[in-house]
Amino acid sequence: MTDDPAFQARKIIRGARSATLATQLDGQPFAGLVTPACAPDLAPLLWLSTLAEHTRQLMREPRCALLFAGAAAEANPQTAPRVTLTGIAERIEDPELKARWLARHPYAALYADFGDFALWRVKPAGAQMVGGFARAARLRVEDLRPDPAAVKAIAAAEAEIIAHVNKDHPDALAAIAQGLLGGGSGTWRLAAVDVDGLDLVLEETVLRLHFAVPAADPQAVRGELIRAAKEGRRNNTLSQ
């Protein structure tokens, strides 16, 4: 598994179920909880209501920051890996990216079509990765972003990969979810794929499988699925 700070930062960003959004108005900072997903190129996606203070502030000043945090390794919260990403937020109309956000947050289907909600995308400008206590690294946006050619290749094949795996390999998904990611029993399905990993969904539960290394093409995604399924089956066998 690569220890490249950019790859580790992307794993934290893509795996986060929630994040802290920092905005400002007339010099006064404001922070609020948001539920992000990521576009294939890593740009954070937010489903925001105009009733929220942070949304109204973004409408006036689009410069913002997002804090993504992982789990602390010890009692000290400072041991938690985390990424602060700065960028420019913009409201967009994109049904595919909205579907991608909903795949990450299926419970939100209850309010996804409310008139006060809209999709926002944050264009990254840079980041700081903190791997734990006193372990920080600045990341330029060109270093943080995944390889554009790989992003394009996997995005073009994503729908076919999802359809094929969900139809022909539900056993592999179950092995990954239950034996590798700690999920429960049920019919798991593949919901999204990107260069850094994939999302598995069972009703309103979403689990993230991080790849050992970034995938360069669809064949590499296949290899990661095979590897993860084998490991999941082995773990299931050992636990019996």
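Where does Arg 100 sit? In this predicted model, Arg 100 has its place in helix H3, which covers residues 95–104. Setting aside neighbours within four places in sequence, the contacts of Arg 100 include Ala 37, Cys 38, Ala 39 and Pro 40. Glu 158 is also in contact with Arg 100, and so are Ala 192, Val 193 and Asp 194.

Next come the rings. A search through the whole structure turns up three aromatic pairs. Trp 47 and Phe 117 are both buried. Phe 117 also pairs with Tyr 111: here the centres are 5.1 Å apart and the planes meet at 35 degrees, so the pair is tilted. Tyr 111 is partly exposed, because its relative accessible area comes to 25%. Put together, Trp 47, Trp 101, Tyr 111 and Phe 117 make up one aromatic cluster.

Then there are the charged side chains. The count of salt bridges comes to 16. One of these joins Arg 56 to Glu 53, with 2.7 Å from N to O. Both residues are in helix H2 (residues 53–60), and because they are three residues apart, about one helical turn separates them. Neither is hidden away: Arg 56 is partly exposed at 38% relative accessibility, and Glu 53 is partly exposed at 31%.

A salt bridge of another kind of reach connects Arg 104 with Asp 199, where the closest N and O atoms are 3.1 Å apart. This pair links distant parts of the chain, since Arg 104 is in helix H3 and Asp 199 is in strand E10 (residues 197–202), 95 residues away. Both Arg 104 and Asp 199 are buried. Arg 140 and Asp 143 form a further salt bridge, their closest N and O atoms being 2.9 Å apart. Asp 143 is partly exposed, at 36% relative accessibility.

Some salt bridges share partners, and in this way Arg 10, Arg 14, Arg 104, Asp 194, Asp 196, Asp 199 and Arg 208 are joined into one network. Asp 194, a member of that network, is also one of the residues in contact with Arg 100.

Terms used: Residues are numbered from 1 along each chain as its sequence is written. This is a predicted model: local features need pLDDT of at least 70, side-chain atom pairs count only at pLDDT 80 or more; totals for chains, interfaces and linings use all residues. Side-chain values use heavy atoms; hydrogens and water are left out. Helices (H or I, at least four residues) and strands (E, at least two) are DSSP runs, numbered from the N terminus. Contact means heavy atoms within 4.5 Å. Rings of Phe, Tyr and Trp (its six-membered ring) pair if their centres lie within 6.5 Å; planes under 30 degrees apart count as stacked, over 60 as edge-to-face and the rest as tilted. Buried means under 20% relative accessible area, exposed over 50%, partly exposed in between (1.4 Å probe, protein chains only). A salt bridge is a side-chain nitrogen of Lys or Arg within 4 Å of a carboxyl oxygen of Asp or Glu.
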